[in-house]
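Trainee: Could we go through this model together? I'd like to ask about it piece by piece.

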Amino acid sequence: MTAQVIDGNALSRQLRAEVAQRAAALTSRGHQPGLAVILVGEDPASAVYVRNKVKACEDSGVRSVFEKYDASLTEAALLERIAALNADPTIHGILVQMPLPKHIDPHKVIEAIATTKDVDGYSVLSAGELMAGLEGFRPCTPYGCMKLIESTGVSLKGKHAVVIGRSNTVGKPMALLLLQANATVTICHSGTPDLGYHTRQADVVVAAVGRRNTLTGDMVKPGAIVIDVGINRNDEGKLCGDVDYASVSPVASHITPVPGGVGPMTITMLLVNTLEAAERVAGQA
Ligand code: NAP
């Protein structure tokens, strides 16, 4: 058996076409969705991420406002800018690209974004909404992983899901989303003594570690769905995930590639969140 590839690019194209359609409908009613993207400093990787997000907006009919600031920008000035965007009715989502320069407290910045515009879903309130099963913005990467799993047509109800990694932005929200979908969830981390013991019992494995070859074929139950969130480089400098694709693919039923799996879905779900934020406002208008 060779696993079926879950094509994140294809699913992204489909979801972005839906976003474009709904964005056009909102725009015709005078409510074009708007996303503000703020970049502070010169981190080259952040610059690429931001460029991709802005381009995805343009391609989908979502207005983007890109604000780039020098690394010397003060925390107070950034908070002031966020307050202005919070009050701007043409802006429905605000994204501040991380990491920020060391003199700026990222928690303060995230909490300054209005919850109704927190399309990254990183604030404590958004995390609480997810925890409580309330409506709210879900962090884009785990939200995208859920869409990838959904696209296999396999129901999560009663399945055992293992999440490797417990970060606030990926692992923890991922586990909560799986739980909400009625999976039985195990969370593993760097203190888990025998990772393979857990993953071998899993119907679904989500690897979000940031270390290549964390999950190998001998650690996977035959027929499992494997979602690879990791972004790493191999010895040749090529992009790879946390999963050893060559040994896992013959064992799993479905697998996401790196690149072309989770990556494109993260930006897509940012568009979906921004669109939904605009739809909520338009619904109230
Ligand atoms: P992170 O904050 O560094 O968290 C990594 C997690 O992995 C931690 O919870 C850590 O455990 C755990 N871990 C480390 N070594 C482990 C081991 N040997 N066994 C089991 N667990 C282990 O990273 P992150 O932000 O969640 O991101 C994870 C990966 O996903 C990175 O490669 C990142 O680049 C990638 N990523 C991709 C996308 C995308 O769009 N494709 C988006 C976000 C992130 P402790 O908590 O015990 O330290």
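Trainee: Over how many bridges do strand 2 and strand 3 pair?

Mentor: First, a caution: this is a predicted model, where local features need pLDDT of at least 70, side-chain atom pairs count only at pLDDT 80 or more, and totals for chains, interfaces and linings use all residues. Residues are numbered from 1 along each chain as its sequence is written, and side-chain values use heavy atoms, with hydrogens and water left out. Helices (H or I, at least four residues) and strands (E, at least two) are DSSP runs numbered from the N terminus, and two strands pair if DSSP finds at least two bridges between them. Strand 2, residues 34–40, runs parallel to strand 3, and the count is 7 bridges.

Trainee: Which residue in strand 3 is the bridge partner of Val-40?

Mentor: Strands of a sheet pair through backbone hydrogen bonds, either parallel or antiparallel. Here Val-40 has its bridge partner in strand 3, and that residue is Tyr-69.

Trainee: In what order do the 3 strands of the open sheet come?

Mentor: The pairing in this sheet is parallel. Strand 3 (63–69) and strand 4 (93–96) are the edges, each pairing on one side only. From one strand to the next the twist averages 15°. So read across the sheet, the order is 3-2-4.

Trainee: What angle does helix 3 make with strand 2?

Mentor: Axes are lines fitted to C-alpha atoms, for helices over the stretch in contact, and angles run from 0 to 180 degrees between N-to-C directions. Contact means heavy atoms within 4.5 Å. Helix 2 (residues 44–60) touches strand 2, strand 3 and strand 4, and its direction makes about 165° with that of strand 2. Helix 3 (residues 75–87) also packs on the sheet, touching strand 2, strand 3 and strand 4, and its angle with strand 2 is about 175°.

Trainee: Moving to the ligand, how far is its oxygen atom from the N or O atom in the side chain of Thr-266?

Mentor: There are 19 residues around the ligand (a heavy atom within 4 Å), and Thr-266 is among the closest. A polar contact here is a pair of N or O atoms within 3.5 Å. A backbone N or O atom of His-189 lies 3.5 Å from a ligand nitrogen. For the side chain of Thr-266 and a ligand oxygen, the distance is 2.8 Å.

Trainee: How many of the 11 residues of helix 6 are buried?

Mentor: Buried means under 20% relative accessible area, exposed over 50%, and partly exposed in between (1.4 Å probe, protein chains only). Among the buried ones are Cys-140, Tyr-143 and Met-146. They pack against several elements, including helix 1 and helix 10 (262–284). For helix 6 (residues 140–150), the number is 9.

Trainee: Is Asn-213 buried or partly exposed?

Mentor: Asn-213 has a positive phi of about 60° although it is not a glycine. Asn-213 sits in the loop between strand 7 and strand 8. Because its relative accessible area is 40%, Asn-213 counts as partly exposed.

Notes:
Polar contact = N/O pair within 3.5 Å; in protein donor to acceptor, adjacent residues only side chain to side chain.
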